[in-house]
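Me: I'd like to go through this model with you and learn how to read helix packing and salt bridges. Can we take it feature by feature?

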Amino acid sequence: MPQIVVLTGAGISAESGVPTFRDADGLWEGHRVEDVATPEGFERDRATVQRFYDERRAALATVEPNPAHRALAELEETLGTGLLVVTQNIDDLHERAGSRNVVHMHGELLKALCRACGVASPWQGTLIDEPACPGCGVEDLRPDVVWFGEVPYEMDRIADALAEASMFVSIGTSGAVYPAAGFVQHARRHGARTLELNLEPSEGSHFFHESRQGRAGDLVPVWAREVLWA
């Protein structure tokens with residue numbers, strides 16, 4: 001069971017050039033959240049939603065992991081399964097940096113979910129052309145992304161890890177979106193030391209034992225060295 005649970009959010013990937021989607025006016029790159037990030041939006045305008053995520057998927061090829069991603073991967077080399085990264089991000093930057101023990105609680109851009117058979121398949125191409133499911137052959141694929149109103153993935157595994165963790169670290173998250181925003185309280189109730197690494201204090205900063213402000217690419221390598229030298 002992991003001894004350290006790390007939660008990563010949009011802030012860590014933003015430093016690699018991945019858009020954080022939600023702008024100050026509440027739009028996701030010019031789209032209403034309700035139109036591109038809900039099951040209802042998919043039913044209303046399937047083509048717009050498919051095109052939106054096709055563009056995001058293609059854009060992943062233009063970005064690279066940053067020092068924060070690499071520091072977490074290097075820490076895993078020493079801790080092994082003693083480190084679990086739970087990410088709210090749907091990109092593959094943790095994996096490209098070398099992390100293997102990763103939970104994508106909001107799904108993955110590089111997977112397509114079949115609504116007919118329920119199987120998620122690796123996916124590099126587009127979905128706008130309505131290709132067939134590699135498993136069952138039905139043409140009913142959607143992005144394997146958890147939308148608003150849907151239940152995040154592997155919540156039982158995450159809850160168990162938080163209950164067993166000696167330390168919980170939140171990196172680059174707003175502290176405003178549940179259930180992830182409640183992870184710090186769950187970890188503290190079970191005795192974990194808690195640390196926030198963020199550009200600025202999040203909405204849940206007061207729940208952490210310690211909060212450090214700055215870029216993830218600067219803060220995470222420093223913290224990782226502290227863990228290794230402890």
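Me: What should I know before I start?

Reply: This is a predicted model, so local features need pLDDT of at least 70 and side-chain atom pairs count only at pLDDT 80 or more, while totals for chains, interfaces and linings use all residues. Residues are numbered from 1 along each chain as its sequence is written, and side-chain values use heavy atoms, with hydrogens and water left out.

Me: How do the axes of H5 and H9 cross?

Reply: Axes are lines fitted to C-alpha atoms, for helices over the stretch in contact, with angles from 0 to 180 degrees between N-to-C directions. Helices are DSSP runs (H or I, at least four residues), as strands are (E, at least two), numbered from the N terminus. Here the axes of H5 (residues 67-79) and H9 (residues 216-229) come within 7 Å and cross at roughly 15 degrees. That makes the two helices roughly parallel (under 35 degrees).

Me: Which residues of H5 and H9 meet?

Reply: Contact means heavy atoms within 4.5 Å. On the H5 side they include Leu 72 and Leu 75, and on the H9 side Val 220 and Trp 223 are among them. By class, this contact has 13 nonpolar, two polar and no charged residues (nonpolar: Ala, Val, Leu, Ile, Met, Phe, Trp, Tyr, Cys and Pro; charged: Asp, Glu, Lys and Arg; polar: the others, Gly among them).

Me: How many salt bridges does the structure hold?

Reply: Side chains of opposite charge can pair when their charged atoms come close. The cut-off is a side-chain nitrogen of Lys or Arg within 4 Å of a carboxyl oxygen of Asp or Glu. By that count there are 16. One of them joins Arg 57 and Asp 54, at 2.7 Å from N to O. These two are three residues apart in helix H4 (residues 46-59), so about one helical turn separates them.

Me: Are Arg 57 and Asp 54 buried or exposed?

Reply: Buried means under 20% relative accessible area, exposed over 50%, partly exposed in between (1.4 Å probe, protein chains only). Both Arg 57 and Asp 54 are buried.

Me: Which residue forms a salt bridge with Glu 226?

Reply: Arg 212, with the closest N and O atoms 3.0 Å apart. This pair links distant parts of the chain, with Glu 226 in H9 and Arg 212 in strand S11 (residues 210-213), 14 residues apart. Glu 226 is partly exposed, at 36% relative accessibility. Arg 212 also forms a salt bridge with Glu 210, at 2.8 Å between the closest N and O atoms.

Me: Where is Arg 142?

Reply: Arg 142 sits in strand S8 (residues 141-145) and counts as buried at 8% relative accessibility.

Note on methods:
Angles under 35 degrees count as roughly parallel, over 145 as roughly antiparallel, 65 to 115 as roughly perpendicular and the rest as oblique.
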